[in-house]
Amino acid sequence: MRRLSFMRFGKSFTALALGLMLGASALADDHAKQKIEVIPVAEGLYMLVGAGGNMGLSVGEDGTFLVDDQFAPLSETIRATIATLSDQPVKFLINTHWHYDHTGGNENFGKQKAVIVAHKNVRTRLEAGGVIEAFKKSVPPAPDMALPVVTFEQAITFHFNGETINLTHPQAAHTDGDALVFFEQANAVHMGDLYFNGFYPFIDASSGGKMLGVINAVEAVLAKIDDNTKVIPGHGPLSNKAELRRYHAMLKAVYEQVAPMKQAGKTAAQVIAAKPTAAFDKQWGKGFLTPDQWVGIIYEAI
Ligand SMILES: [Zn+2]
């Protein structure tokens, strides 16, 4: 199960890299064929897996509430998948952060009258466009229809489908516009890219991300959830508190290795050469980032 998800993620990342090389149409073709897997989380709550970041979906008497929307060419497949679970179009669409593998469908869903909601920095970054330095990926400014129309700074609560859905913003973590989405009655949380389940995570220093912010955010989630909580990661398979605790321990141990080296004035190349993650590479280094790439990324995010 976990291995399958690695492969799926790896495949989508390869597709992304190929798409950048071959042009957008190759990528669009690949995405148009992508199937969406529906994973039940709780009554009326699902995790949807396709290409890009995992989605969360609440369906019920008030309509449909979607968390993240992957890439634009998948929108029709996502819509059709939702139609198998509800006869309602998407009413609210949450962006957990601005990255294009989580917000690529915004324009399509915006045109279908979804109300897009996100932290204020998501709107600012989507509106301006920008460069994700670690991948040298330039993101053009988003069209108006793709922009969040409701933004928040610290927290916002939805009362929808019998759920209390709390969005909270951890400061400077994966980016500077992250949202955690707690479904209180279902006892579930969608963590966006604060959590990559099973492999080294990307932290986007060029979008205001900080490794310590990720560690603090994961700690705050751990303090809030219990052993029965379902944890939807931004990437990787559906998870739980025990796995999140192991992820946190890994992040903390690596931070404690790398931060003093950077503070002592070592260059990124020197820190990478010192192999500070060696003890963790076997378990966590087989995702889309190699250990060396990851150390380079966290060096920037410390
Ligand atoms: Zn991301």
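## Helix packing and core

The crossing of α8 and α11 is right-handed. In this predicted model, the axes of helix α8 (residues 241-263) and helix α11 (residues 291-300) come within 10 Å of each other and cross at roughly 65°. On the side of α8 the contact is made by V254, V258 and K262, while α11 contributes V295, I298 and Y299.

The crossing of α7 and α8 is left-handed. From α7, the residues M211, L212, V214, I215, V218, E219, V221 and L222 take part, and they meet K241, L244, R245, Y247, H248, L251, K252 and Y255 in α8. The residues of this contact divide into eleven nonpolar, one polar and four charged.

| Helix pair | Angle | Axes | Handedness |
|---|---|---|---|
| α8 and α11 | roughly 65° | within 10 Å | right-handed |

Which residues of α11 are buried? They are P291, W294, V295, I297, I298 and Y299, and the buried residues of this helix pack against α7, α8, α9 (268-273) and α10 (278-284).

In soluble globular proteins, nonpolar side chains tend to be buried together. The largest nonpolar core of this model holds 74 residues, among which I94, L180, V181, V189, V218 and I298 touch the most other members. Of these, I298 also belongs to the contact between α8 and α11, and V218 to the contact between α7 and α8. When residues up to four places away in sequence are left out, L180 touches L167, T168, P170, V189, M191, G192, L194, A217 and V221.

A residue of another kind of setting is K111, which lies in helix α5 (residues 106-111). Is K111 buried or exposed? It counts as exposed, because there are 12 C-beta neighbours inside 10 Å, and a residue with 12 or fewer is classed that way. K111 and L147 stand 36 residues apart in sequence, and the distance between them in space is 11 Å from C-alpha to C-alpha.

Definitions and conventions
Residues numbered from 1 in each chain as written. Predicted model: local features only at pLDDT ≥ 70, side-chain atom pairs only at ≥ 80, totals over all residues. Core = buried A, V, L, I, M, F, W, Y, C linked by C-beta atoms within 7 Å. Buried ≥ 20, exposed ≤ 12 C-beta atoms within 10 Å, placed from the backbone. Contact = placed C-beta atoms within 7 Å. Helix = DSSP H or I, 4+ residues; strand = E, 2+ residues; numbered from the N terminus. Axes fitted to C-alpha atoms, helices over the stretch in contact; angles between N-to-C directions. Left-handed = near helix turned anticlockwise from the far one by under 90°. Nonpolar A, V, L, I, M, F, W, Y, C, P; charged D, E, K, R; others polar.
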